[in-house]
Amino acid sequence: MSPELLEHAIKDWIRKTGKVPKAMIPVHLYGMPAQIDAMKEIARVYDIRIIEDAAEALGSTYKGRKCGTFGEFAALSFNGNKMITTSGGGALVCSTPDQAKKTVFYATQARDDAPWYQHSSIGYNYRMSNICAGIGRGQMMILEEHIARRRAIHQLYKELLSGMEGIVVQENPSRDYQSNFWLTCILIDKKATKLTPEEIYLYLAEKQIESRPLWKPLHLQPVFSTAPFYGDGTSASLFDIGLCLPSGLGLSDEEIAYVAEHICTCIKRNNQSLLTSGYLI
Ligand SMILES: *Cc1c(COP(=O)(O)O)cnc(C)c1O
C-alpha cells in the first residue's frame, strides 16, 4: 500500500462523502512488511484504525518488531500454504484482553451468560476446532525452523539467479524490513529477457515446475470492477511482470537449483534462438 495514495484516497473520500474511513487494511505481501511508520502516521493524523493483513507475514519484522503487532488488530492465516498450518483457519491478534474476549464471544455464536441458548447480539461460528488447534500448537514448535528455511530458499534463489540479466529477485528494501520470504518472487524485464512471465511460466510447467503470477490486484478483480480505486499503475505493472517461484518447505536445495537452472536455460535458449535467427542484430 502506497502511503501517498492512501492519504490521497482518504482526503478524496472525506471531500466526496464528508466521512472519515473507519479502518485501513495494509497487507504485508509475500511476507514483506508494509511501510508501517508512514501508515501509522496517517492513521494518527486522520484517527483511522489499522487492521493488518499479516496472513503471509508470520515471523517478518519491521524495525525489529513482529508484523501483526502494529495495528489495533491483525489477521494471521494458518491455511495449508502459509508459514504454519492448522489445515485451515487463522488467528486474530488483538491489542487488549477485552478485545480478545469480545472477539471470542462473537466467534462462538454470541451466547449470553445463561443456562439456555440466549442471544442478545448476532454472532458467528468462527471458532477453530480443537483438532485444528492441536495441530497448530504442534506447528508452533517448528515455526522458527519454517521461517529459517523460507529465508534460506530465498537466499539460494538470489545466489543462483544473481548473474541472470533481466531477472530481479525481491529483496528487503532496507535493514528495517526483514521479510520471512514466505514466497520468493521475481520480476522479469521483458526487454532484457525477450520473454514474458507467461512464457517462462509455460516453459517451467513443461519441466514439471509450478510457478505462479503475482497476486492479481484487487482493483482488477471483476467483482470489484465498480469499486473506487486509487492507484498509479504499480500493482498492475507488478502483476504483469512478476512471478512467484516454488518456495515450499518440501523442496530440497537441489530442487531449488533445478528451478533456477531452468529459468536461466529458458532465457539463454530464447536469446540464443533469437540470435541465430538474426532477430537481435
Ligand atoms: C491467505 C491469505 C488470506 C486468507 O487467509 P485464509 O486463512 O486462507 O482465509 C488473506 N490475506 C492474505 C494476504 C493471504 O495471503
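Residues are numbered from 1 along each chain as its sequence is written, and side-chain values use heavy atoms, with hydrogens and water left out. Since the model is predicted, local features need pLDDT of at least 70 and side-chain atom pairs count only at pLDDT 80 or more, while totals for chains, interfaces and linings use all residues.

To start with the sheet: three strands form an open sheet in the order β4-β3-β8, and the pairing is antiparallel. Strands here are DSSP runs of E with at least two residues, and helices are runs of H or I with at least four, both numbered from the N terminus; two strands pair if DSSP finds at least two bridges between them. The edges are taken by β4 (65–66) and β8 (177–178), each of which pairs on one side only. Strand β3 (residues 61–62) meets β8 over two bridges, and Tyr 62 has Tyr 177 of β8 as its bridge partner.

Tyr 62 also turns up among the aromatics. There are six aromatic pairs in the structure, counted when ring centres of Phe, Tyr and Trp (its six-membered ring) lie within 6.5 Å; planes under 30 degrees apart are stacked, over 60 edge-to-face and the rest tilted. Tyr 62 and Phe 70 have ring centres 6.0 Å apart and planes at 75 degrees, so this pair is edge-to-face. Both residues are buried, that is, under 20% relative accessible area, with exposed meaning over 50% and partly exposed in between (1.4 Å probe, protein chains only). Phe 105 and Tyr 106 also pair edge-to-face, with centres 5.2 Å apart and planes at 65 degrees. Here Phe 105 is partly exposed at 24%, and so is Tyr 106 at 33%. Elsewhere, ring pairs tie Tyr 30, Trp 182 and Trp 215 into a cluster.

On to the cores, meaning sets of buried Ala, Val, Leu, Ile, Met, Phe, Trp, Tyr and Cys residues joined through side-chain atoms within 4.5 Å. The largest nonpolar core has 23 residues, and those touching the most other members include Tyr 157, Leu 161, Ile 167 and Ile 263. Among the elements that each supply at least two residues are α5 (143–160), β7 (167–169) and α9 (253–276), and α9 gives the most, with seven. Leaving aside neighbours within four places in sequence, Ile 167 has contacts (heavy atoms within 4.5 Å) with Leu 161, Ile 186, Leu 187, Ile 188, Ile 263 and Ile 267.
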